[in-house]
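Here is a friendly briefing on one protein chain. Take a look at the sequence and the model, then read on topic by topic.

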Amino acid sequence: MDSATQRRWTTQQFAQLLANEDAQRHLMTYGWVEGMPVIFADPQDQVEEIMGFASVHGRAVLLAVGIQEYNELQLWHITIPSPIFDRVPPLPSGTILEHLCIRQAQNRLRPFRVPFWAHSAAIHEIPCFVRNDVRSVNQLTAKSDS
């Protein structure tokens, strides 16, 4: 599946979540705020490229990664790079989001860094609406339709 189709699907799934007040409250408990920049990405996108988009905003972002073939939507909160985090070595050039997310899914909040950042940032997964949790998404969207 091409990247544009993948992003369109991810955007639609995320829009369904935002249409529901319960989902919004859930996202807020994990750091999302109304007006927060959202970056829609493909698991095969390079981390450096996506973090370049994140850097433009100068604030925390929500990363939405969709895998339509598996009906999977992953949501990740990414902080701004900051000296409060341990400075870790930069990820190797060519690292893709899928590898970053797999590595981070095993930790609640873990610093990472790309070469053009002086400081590390932290990433954490927003649980519940991820990993094929289609039933919950469908239940929430059905609730908002009624």
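## Overview

The chain contains 5 helices and 5 strands; helices (H or I, at least four residues) and strands (E, at least two) are DSSP runs, numbered from the N terminus. Read along the sequence, these elements follow the pattern α-α-β-α-β-β-α-β-β-α. Please keep in mind that this is a predicted model, in which local features need pLDDT of at least 70 and side-chain atom pairs count only at pLDDT 80 or more, while totals for chains, interfaces and linings use all residues. Residues are numbered from 1 along each chain as its sequence is written, and side-chain values use heavy atoms, with hydrogens and water left out.

**The chain as a whole**

- Of the 146 residues, 45% count as buried; buried means under 20% relative accessible area, exposed means over 50%, and partly exposed is in between (1.4 Å probe, protein chains only).
- The chain exposes about 7700 Å², and carbon and sulfur atoms supply 53% of that area; accessible areas come from the Shrake-Rupley method with a 1.4 Å probe, and for residues only the protein chains shown count as cover.
- Among contacts in the chain with a separation of 6 or more, 67% are between residues 24 or more positions apart; a contact means heavy atoms within 4.5 Å.

- Strand β3 (residues 72–78) runs antiparallel to β5, and 3 bridges join them; two strands pair if DSSP finds at least two bridges between them.
- Trp-76 has Glu-125 as its bridge partner in β5.
- Strand β4 (residues 110–112) also pairs with β5 in the antiparallel sense, over 3 bridges.
- Here Pro-111 has Ala-122 as its bridge partner in β5.

**Aromatic pairs**

- Rings of Phe, Tyr and Trp (its six-membered ring) pair if their centres lie within 6.5 Å; planes under 30 degrees apart count as stacked, over 60 as edge-to-face and the rest as tilted.
- By this rule, the count comes to 3 aromatic pairs.
- Phe-14 and Phe-40 form an edge-to-face pair, 5.9 Å centre to centre with 70° between the planes.
- Phe-14 lies in helix α1 (residues 3–18) and Phe-40 in strand β1 (residues 38–41), so this pair ties together parts that are 26 residues apart in sequence.
- Phe-14 counts as buried at 3% relative accessibility, whereas Phe-40 is partly exposed, with a relative accessible area of 23%.
- Phe-116 and Trp-117 form another edge-to-face pair, 6.3 Å centre to centre with 80° between the planes.
- Phe-116 is partly exposed, with a relative accessible area of 45%, while Trp-117 counts as buried at 8%.
- Ring pairs link Phe-112, Phe-116 and Trp-117 into a cluster.

**Around Glu-48**

- Glu-48 lies in helix α3 (residues 47–57) and counts as partly exposed at 24% relative accessibility.
- Which residues does Glu-48 contact, leaving aside its neighbours within four places in sequence? They are Ser-93, Gly-94, Val-114, Pro-115 and Phe-116.
- Glu-48 and Pro-90 are 42 residues apart along the chain, and their C-alpha atoms are separated by 10.0 Å.
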